[in-house]
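Biologist: I would like to go through this structure with you. Could you put it on the screen before we start?

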Amino acid sequence: MVIYSASSYVLLGLANLIIMSACMDYCDTIESSHGPADTMSDRQHYIHAFNFNKSVEKHLHDLDHFKLSYKKLLEAFPLDQVDGIFVRSVKNCIFSESDPTPLKGPLRLAAVSKEVIEGMLDLDVAVSQSEVFLQYFSGGKLFPGSSPLTHRYGGHQFGYWAGQLGDGRAHLLGEYTSRKGERWELQLKGSGKTPYSRSGDGRAVVRSSVREFLCSEAMHFLGVPTSRAASLIVSEEEVWRDQFYNGKAKKERGAVVLRLAPSWFRIGSLEVLAKAKELDLLRKLLDFVIQEHFPSIDSNDPGKYLIFYSRVVNETAHLIAQWMSIGFAHGVCNTDNFSLLSITIDYGPFGFMEAYNPNFVPNTSDEEGRYSIGAQANVGLFNLEKLLEALTPVLTIEQRQGAGLVLKRYPHIYRMRFHKLFKAKLDLLGEEEEDEYLIAFLLKLMEETGADFTMTFRQLSEASMQQLHSMSNLQVMWALQNLASHKMYPEWVSMYLHRLKRRGGDSDEDRQHRMRRINPRYVLRNWMAESAIRKAEGNDFSEVKLLQRILAQPYLTQDAAEEAGYAAQPPWWAQGLNVSCSS
């Protein structure tokens, strides 16, 4: 008989993570003196800003009165002293001034988020049907108070320091303060060349822009901290792209997404300053981020940078565990794509895993599988190590030692969060010693049968305990049928059902209800996005809008989604789909 021990957690991205018990006493000291190292107060501070508040009764109808501000950023940081959009090495600044380049040709509104437009920007969504909306939200016209900036940052890409990177095709339009007091930084993506464009043309194409718009909104409704998307505008402007880097460039159409986040600062924002030894500016940026986005940290505390680092370590572990719980692979986990606020940003060659496989790699450009889904936790550790290197020049010797101990706690934080999320997915209430084994056992069966990740958990939520035991009447539960083909399935399901029965106190219907609220029926599978993209490239945005509507309620069974096959086995042609870094 094969027994799957808890060591199967190697499948979950923990192969190289070692829990160091020696750090625990030090971390307890930090918690007692500065509050819990894994406090959720700051996460709640900025996640709350993503929650849609329907209490706003009036919405602005005139975009000419929609005002943005740069006051805080301009007061806090020096600007690039060199004028012009030409590519260059930028020094001694956080931002360069750079205007968007308007898209050419007729513009079309492919998609708009009513929730973002009305709930976050206080605009009436009806304004999206105007020509002036197309101009403002594509960069052809600047909002009052806007003086676009592009951000200087660096990063480690695929494990190597890449030097200066920066906003090569994105423009920060300004900050908007809503009627509820929430602050949002508005950024155009695909809006033209900047001083950081390197050899690029500053544009984004329809396929990548559709994916960015749909996935950022889908992740929000899945409950994952993320940037948001307000609109997707496409043009007739021709853009040349070698999609798979095989020498076969072709013409595609340009597009622009207007996206929002509380902040776009990332690990690479600090790295570039540390590498350039611009330490005064490094301190200024750290102080700004702490004051604006970590209100629970006392800005006068001499240990504030260490506390900040502890919070980022904690929240990064939480974010990656959330990615894993929905089968999401970011695709390009470089340090320039990791937010200091631990929200998901920069959607590129991402993918939602279908057949469970820890080695799933959504990005064809990632030939070595560095950013496979099972490696994301380890990559998070690597990125946090690089963040610590960037902070080292502004930390005391004692603080550096403390930060090292904080980092060693990351595996423990990640593992505990992962365990909690997957316990909830299986409705394992309370604590029992066998729970970790039960989760690892299931994932091993899923790996060996190639069971669909999303639908296995969803169908476990929909099947009754009797159905799970006898596998009766499961003809339509295709993922569970696949799982049940494993010879060890009867042993696993027997353990699972006995675990459920031992708790007592509620009905099977209650269990199913709780599980359906946690396990989505619909995620943005690559084949679904590809189907919408093919239509959008022909100016048919119907499936983009359908997906946007379906993914706004991912836990609710919807007739339109069932008719479209979004919960069915992926079509045969989906197996050959490839996604690359090209966009």
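Predicted model: local features only at pLDDT ≥ 70, side-chain atom pairs only at ≥ 80, totals over all residues.

Modeller: At the start of H14, a side-chain oxygen of Asp452 comes to within 3.3 Å of the backbone nitrogen of Thr454.

Biologist: How many of the 10 residues of H14 are buried?

Modeller: Of those 10 residues, 9 are buried, so H14 is largely enclosed by the rest of the structure.

Biologist: Which are the buried residues of H14?

Modeller: They are Phe453, Thr454, Met455, Thr456, Phe457, Arg458, Gln459, Leu460 and Ser461.

Biologist: Let us turn to the rings. How many aromatic pairs does a search of the whole structure find?

Modeller: The search finds 28 aromatic pairs. One of them joins Phe133 and Phe137, which are stacked at 4.0 Å centre to centre, with 15° between the planes.

Biologist: Are Phe133 and Phe137 buried or exposed?

Modeller: Phe133 and Phe137 are both buried.

Biologist: Which aromatic cluster do they belong to?

Modeller: Phe133 and Phe137 form one aromatic cluster together with Phe66, Tyr136, Phe143 and Tyr176.

Biologist: Back to H14. Which pair does Phe457 form with Phe422, stacked or edge-to-face?

Modeller: Phe422 and Phe457 are edge-to-face, at 5.8 Å centre to centre and with 75° between the planes. This pair links distant parts of the chain: Phe422 belongs to helix H12 (residues 410-425) and Phe457 to helix H14 (residues 453-462), 35 residues apart. Phe422 is buried, as is Phe457.

Biologist: What about charges over rings? What lies over the face of Tyr153?

Modeller: Arg266 does, at 4.4 Å from the ring centre of Tyr153. There is also Lys275, whose charged end sits over the ring of Trp161, 5.1 Å from its centre.

Biologist: Now the pockets. How much space lies in the second largest pocket?

Modeller: The second largest pocket holds about 560 Å³ of space.

Biologist: And which residues lie nearest its centre?

Modeller: Glu354, Ala355, Phe360, Ala574 and Gln575 lie nearest the centre, out of 22 residues that line the second largest pocket.

Biologist: How does the lining divide by class, and what are the numbers?

Modeller: The lining of the second largest pocket has 12 nonpolar residues, 8 polar ones and 2 charged ones.

Key
Residues numbered from 1 in each chain as written. Heavy atoms only, no water. Phe/Tyr/Trp six-rings, centres within 6.5 Å; stacked < 30°, edge-to-face > 60°. Buried < 20%, exposed > 50% of the residue type's maximum accessible area, 1.4 Å probe, protein only. Helix = DSSP H or I, 4+ residues; strand = E, 2+ residues; numbered from the N terminus. Lys NZ or Arg CZ within 6 Å of the ring centre and 35° of its normal. 1 Å grid on protein atoms, 1.4 Å probe; cavity = no way out; pocket = protein on both sides within 12 Å on 5 of 7 lines; lining within 4 Å. Points joined across faces, edges and corners; volume = space filled by probe spheres on them. Nonpolar A, V, L, I, M, F, W, Y, C, P; charged D, E, K, R; others polar. Polar contact = N/O pair within 3.5 Å; in protein donor to acceptor, adjacent residues only side chain to side chain.
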